[in-house]
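Hi everyone, thanks for coming. Let me put today's structure up on the screen, and then we can walk through a few spots together.

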Amino acid sequence: MPPLDRSCARITAIGTAVPDHDIHAAFQGWAEARLGTREGALFRRMAARSGIDHRWSILPHGTDGGSPVDPGGFYAAGMPGTGARMDLYASAAPALALEAVAALGRRTALDGITHLVVASCTGFTAPGIDQIIAERLGLDGGIERTLVGFMGCYAAVAALRVAHHIARSQPAARVLVVTVELSSLHLQPADELEALLAMLQFGDGAAAALVTTEGPGLTLDRFFAATLPDSAGLIRWRIGDHGFAMHLSGEVPGRIATALADPGFRAALTAGADPAAVAAWAVHAGGRSILDAVEHGLGLAGGALEGSRSVLRRFGNMSSATLMFVLADLLAAGAEGPGVALAFGPGLAAEGFGFGRAA
């Protein structure tokens, strides 16, 4: 693998935040009750093998301290309309994002921010959450803002790519990148096994990163994007009357494994190097089966994706924020690289970049 350009943009630090309401067990009970005896038992077995221990939600506890599906909870009386869900997004998404920014501020100075890039696909409001975040941070009203929306799980790559281009073209830039997703706002009244298993993956979370061209951190280089043929319907969602309805086909892991086994596709990810030469992998923790598919498709040694599995275990799939959590752990652990970050999302598309360590 060619050496990274040490003058390129780098992530100086990352801060993360999740809410304090763990909904994982409550969801499993709710979902299992919607299935028949045979499918309920299958759901229980697959949930136990999901690699997820916790998922966190901004939704408040019910009146008796229960989950969002218990009496007094957000979903207790049925499925709220999309308007009610977006009202909650408009207040809760900026608040969680600011918690992540505060965590970032405990790791690095946040003075002199010149650009703000925000990624989020689980809600809409206007003025946008980028404007709300900028105002609450006291940033100059003329700051350049970019909002990356509706790209799903690889939106963090797009946000970091925008920050990379800004920093490379304006070396004095200090770019604040924020990803925030509130997936728990989109519970659906499904009673099909595949749909409930898809919802089992998702939780809420936010991350914030500072991207500059100076100082230590994780360098960003060799951004790439690829779309798997004949796969557009495998990951999709639509805006319905009761939130965003997600479809995640059970075919996704197999398609990913097949694509990654293709030498041409591999070369695009690793600049022609053997995957074994990649010292660090930051793979979006989309689910245990997806991580297994990446590991097997690339022929990686066991444990190569432990960082991603750890994030999945502690937080579930937080859509665009998930990759940032994996990168945060690698940055904190002092990963040297060369590394590859990789995420999959609607399309079915893969996006990512190379990274290394800048002293």
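Let's begin at Phe124, which is partly exposed, with a relative accessible area of 43%. Please keep in mind that this is a predicted model. Phe150 is partly exposed as well, at 33%.

Why look at these two together? A search of the whole structure turns up 7 aromatic pairs, and Phe124 with Phe150 is a tilted one, because the ring centres sit 5.6 Å apart with the planes at 40°. This pair links distant parts of the chain, 26 residues apart. Phe124 is in the loop between strand E4 and helix H4, while Phe150 is in the loop between strand E5 and helix H5. Ring pairs also bring in Phe244, giving a cluster of Phe124, Phe150 and Phe244.

Now over to another pair, Phe223 and Phe353. Their centres are 5.1 Å apart and their planes meet at 40°, so this pair is tilted. Phe223 belongs to strand E8 and Phe353 to strand E13, so the pair ties together parts 130 residues apart in sequence. Is Phe353 buried or exposed? With 1% relative accessibility, Phe353 counts as buried.

Last stop, helix H7, residues 252-261. Which residues of helix H7 are buried? They are Val252, Pro253, Ile256, Ala259 and Leu260. Looking down the axis of H7, you'd see these buried residues fall within an arc of 130°, so they line one face of the helix. As for neighbours, the buried residues of H7 pack against strands E9, E10 and E12, and against helices H8 and H9.

Conventions: Residues numbered from 1 in each chain as written. Predicted model: local features only at pLDDT ≥ 70, side-chain atom pairs only at ≥ 80, totals over all residues. Heavy atoms only, no water. Phe/Tyr/Trp six-rings, centres within 6.5 Å; stacked < 30°, edge-to-face > 60°. Helix = DSSP H or I, 4+ residues; strand = E, 2+ residues; numbered from the N terminus. Buried < 20%, exposed > 50% of the residue type's maximum accessible area, 1.4 Å probe, protein only. Arc of directions from axis to C-beta. Contact = heavy atoms within 4.5 Å.
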